[in-house]
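Please look through the structure below before reading on. The paragraphs that follow lead through it step by step.

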Amino acid sequence: MDVQDISKMTYTQAITELEEIVKKMQSPECSIDNLSQYTARSLELLKVCKAKLTATDEELKKVLAEMSDDDNNA
Amino acid sequence: MENSLTLLEYNSKIKELVHDPSVQGCWVTAETSDLRVSRGHCYLELIQKNEEGATVARLGAVIWASTFARLNDFFLRETGSHLSTSMGVMVKVNATFHEQFGLKAVITDINPRYTLGDMERIRREIIAKLTMDGIIDMNKQLSWPLVPQRIAVISARGAAGYGDFMNQLHNNDYGLKFYTCLFEAVMQGVNTVPSVIAALDRIAAVLEMFDCLVIIRGGGATTDLNSFDNYELGSNIAQFPLPVITGIGHDRDVTIPDMVSKLHVKTPTAAAQFLVQCGIAQLDRLNELATLVVTSARDAVAHSREQLAYYGNYIPITAQKLVETSRLRLGNYAQSIPLVLKSRLGNERTGLQHKQQAIKLAVTSGFEREKMRLAALADKVQLLSPQNILDRGYSLTTIDGHVVTSATDVKCGDRLETMLKDGKVISVVE
């Protein structure tokens, strides 16, 4: 598996990899040897995806606030 | 010097003429231009353009404040739009002429149905042109990002609709984070089109910062929508490279931007709800994937355990079966060996018998052949025997036991012994 640095992944990249891993885990050919590796990676990806949806990216927020015409922009 | 009139006298005459009933209380169709409201009175120009767009007729007009308040409400109620510039109208006019201010048409009534029809015609023309240009569905063909979180907003700052949108979006119950950036624009009146297009251009310059664009009206439910029905604006939105959500029109009216955008919603709140819904769908997907990861891992472990248990049971049984099979096979061999031997011996015996027969035959025929050959030889010997030759009249002469075959072998005085068939004659050579 070509392991990409999770911190640099976009949400789309992360969820795409996550879905691929789940598919592999569901496959009857999934070896027990890969299982812990798959599980660990998918939990990491899940965490990153969820964070992208619910944790504030302060840097992005700041950049957009500066660009915005609205002084009260969130 | 000819008789002349003062200007006031001349204008007074015109005023008399203008009172003619044929130019009073007439329904006139025209286009509005340079409309402005001052101290409650509405001043405007009524114009007519030819097919090339050149103005071919013009008349200054006014709706006095007392009439305008009533007409404007009626017109707004019927068309959903304020009376404004560049609108096709059918108005009832009285021609008036003031000596000092000249000719003016005083509007006393308006037929909103005509304007509705005219607006619809303009819309249809815009739609036809956007379709012919092949751009009407361009924005619709863009795909949504999985989670549209970075949102460019075109609206009027401080407007109720914008506030509703921001509130709904940022205070969602799911903790979903959105990043909005307002690009302010005028959302009503004649400046709407250039103002919104300018905002679009500003966003296009920082396109990679955003996932989608939301265009929402600033004001309440009865804003002037007519100004949005514009080809340039429609064309810009249709070709915008980000998916666009519009919340401009309302239940009754769908504006050109609403028609060309990726998604048209009825209110700014609905635009925010859609975006939140996209986020919720992703949260649901993540939860589903989390469950799948856990169940898949659990299933895989359970499956491996089952497999182990199976092998645990299977191996002794298999071994036992293997021993059993081998024993059976041995038994079969033990039984089959004598049988095989017997049949093999039988075969050999038959073979030997055949060979014996063949030898016998060979020997017998050999004897016969030799017997016949001996008989032939005996015949030959018989034929060649000296006795047989003597019998046939030949004689044999010897001297001292040696056979005489030539006359030179004989000399005088030799004693010849001649053998004949039935005896011998002795003679002396002279």
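In chain B, strand E13 (residues 415–420) and E14(B) pair in the antiparallel sense over six bridges, where helices (H or I, at least four residues) and strands (E, at least two) are DSSP runs numbered from the N terminus, and two strands pair if DSSP finds at least two bridges between them. The model is a predicted one, in which local features need pLDDT of at least 70 and side-chain atom pairs count only at pLDDT 80 or more, while totals for chains, interfaces and linings use all residues. Residues are numbered from 1 along each chain as its sequence is written, and chains are lettered from A and ligands numbered from 1 in the order in which they are written.

Within this pair of strands, B:Leu416 stands opposite B:Ser427 in E14(B), and a hairpin of two residues joins E13(B) to E14(B). Strand E14 of chain B (residues 423–428) lies largely in the open, because zero of its six residues are buried; a residue is called buried if 20 or more other C-beta atoms, placed from the backbone, lie within 10 Å of its own, exposed if 12 or fewer do, and partly exposed in between.

Elsewhere in chain B, five strands form an open sheet with parallel pairing, in the order E7-E6-E8-E9-E10. Strand E7 (179–184) and strand E10 (263–264) of chain B stand at the edges with a single partner strand each, so one side of each is left without a neighbour in the sheet. Strand E9 (residues 244–247) of chain B runs parallel to E10(B) and is joined to it by two bridges, and B:Ile245 has B:Leu263 in E10(B) as its bridge partner. Helix H8 (residues 268–384) of chain B packs on this sheet, where it touches strand E6 (150–155), strand E8 (212–216), E9 and E10 of chain B. The direction of H8(B) makes about 150 degrees with that of E9(B), with axes fitted as lines to C-alpha atoms, for helices over the stretch in contact, and angles running from 0 to 180 degrees between N-to-C directions.

Of the 74 residues in chain A, 23% are buried.

The two chains meet where 30 residues of chain A are in contact with 28 residues of chain B, contact meaning that the C-beta atoms of two residues, placed from the backbone, lie within 7 Å. On the side of chain A that touches chain B, the elements that give two or more residues are helix H1 (11–26), helix H2 (32–54) and helix H3 (58–67) of chain A, and the largest share, ten residues, comes from H2(A).
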